[in-house]
Amino acid sequence: MSSAFLTDRYELTMLAASLRDGTAARPSVFELFSRRLSGGRRFGVVAGTGRLLTLLRDFRFGDDELRYLRDNDVVDAEAVAYLENYRFTGTIRGYREGELYFPGSPILTIEGTFADAVVLETLALSVMNHDSAVATAASRMSIAAGERPLAEMGSRRAAEQSAVAAARAAYIAGFASTSNLEAGRRWGIPTMGTAAHSWTLLHDSEEDAFRSQIDSLGTDTTLLVDTYDIEKGVETAIRVAGTGLGGVRLDSGDLPLVAAAVREQLDGLGATETKITVTSDLDEYAIAALAASPVDFYGVGTSVVTGSGYPTASMVYKLVARQDSAGGWVAVAKASTDKGSKGGRKAAFRTLDDGVAVAETVSVADGFEQVDTAAEHPDARALQVVLVDGGEIDSSHEGAAGTASARDHHLRVREELPVRALALSKSDPAIPTLFVDAL
């Protein structure tokens, strides 16, 4: 299916106007970045890049799309003719998926003609804003959970395709599994899930439900023990499954107190290896509050798929450099109060001190000359890679392999964060963003 209509109308009206006045072919540089981190968070996580590249492959205006544009007078005949043959032929550089970002980080740099690049704005923002918001929340939860695994269980709290994207973003940011089967099939994410309360309510007794589940899934399964009375549920679970029961799940109550009581009961029954999974509207704060509790697994739903209260990463897509009518390059920037941007083509580096991040260093070139490379910043790690080169997409960032690579990259670079970045309270970004002139 074409992704070309996953956009706002004004992208195409700007395209049509630029074709009419002759500016459509002007070489231009657009940048996707965030002016600030949502919710006073101390770092952000880049996610969605692999999905965006796949959608870019399908950004084509077919017969149905062109017919709609003509029939509804969205753009004129010249623009329709242009879009009939549209293929993005420019270059996209950006932060690797799973990378950390900070205010002003040039997360994506899109270079091409104005017409080629302007039409990608809405698609790029809708993907990157959603996925990065989920990944940032998920990373905070992963840090709070420590070595305990997290499962993403939020499909019922999101639109159907958003749920699949959210599962992917959460996995990249440290979650171990998802309940969403399409995310498992599409992205190679481990899936999990056993039974809901309706399973217990279906049967004449809790014992009947547990016996049936054990018969179907074996004793390694996890039994949901809080449908009626938790203490009786645990006793019944061990009586039915034996002390080798894989786990029990708790979905209600004062979880720190309940988890402690259940652990004591399980140990008293001889089920010392039976694991405890907790769910029930968890977020990063609730997970942190359970750090001292005898919990083995967390299941998180609503909070992770909605960005834990911040469902967008507040990223924007702005023109930062272009050729003028004489063929010279000029830096351009929006100057509005509280919504300004910084013009110029940029390169970004994470400055490190003994392996710990101390600054986000962004070099800015006034024109289109070569921006800084790693050689000019020996104490830093270069952050940008080429994602699309002359219209050719680097497929290594896509699919299950790209998702796994993004996850590995995130877990690796998260180790660079200073200790203050790991706190959950609202504060300034963990490291400053320093803009410097290109050398």
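The model is predicted, with local features needing pLDDT of at least 70 and side-chain atom pairs pLDDT 80 or more, while totals for chains, interfaces and linings use all residues. Residues are numbered from 1 along each chain as its sequence is written, and side-chain values use heavy atoms, leaving out hydrogens and water.

**Exercise 1. Describe the protein chain as a whole.**

Step 1. Take the extent: the C-alpha atoms fill a box of roughly 85 × 55 × 35 Å along the principal axes.

**Exercise 2. Determine whether strand β14 is enclosed or open.**

Step 1. Locate the strand: β14 covers residues 345-353.

Step 2. Count its buried residues: these are 7 of 9, so β14 is largely enclosed by the rest of the structure.

**Exercise 3. Find the pairing partners of β14.**

Step 1. Take β15 (residues 356-365): β14 pairs with it in the antiparallel sense over 9 bridges (pairing requires at least two DSSP bridges). Ala348 stands opposite Val362 in β15.

Step 2. Inspect the hairpin of β14 and β15: 2 residues lie between the strands, and Asp354 takes a positive phi near 55°.

Step 3. Take β16 (residues 380-382): 3 bridges join this strand to β14, and the two run antiparallel. Here Phe349 stands opposite Ala382.

Technical notes
Buried < 20%, exposed > 50% of the residue type's maximum accessible area, 1.4 Å probe, protein only. Helix = DSSP H or I, 4+ residues; strand = E, 2+ residues; numbered from the N terminus.
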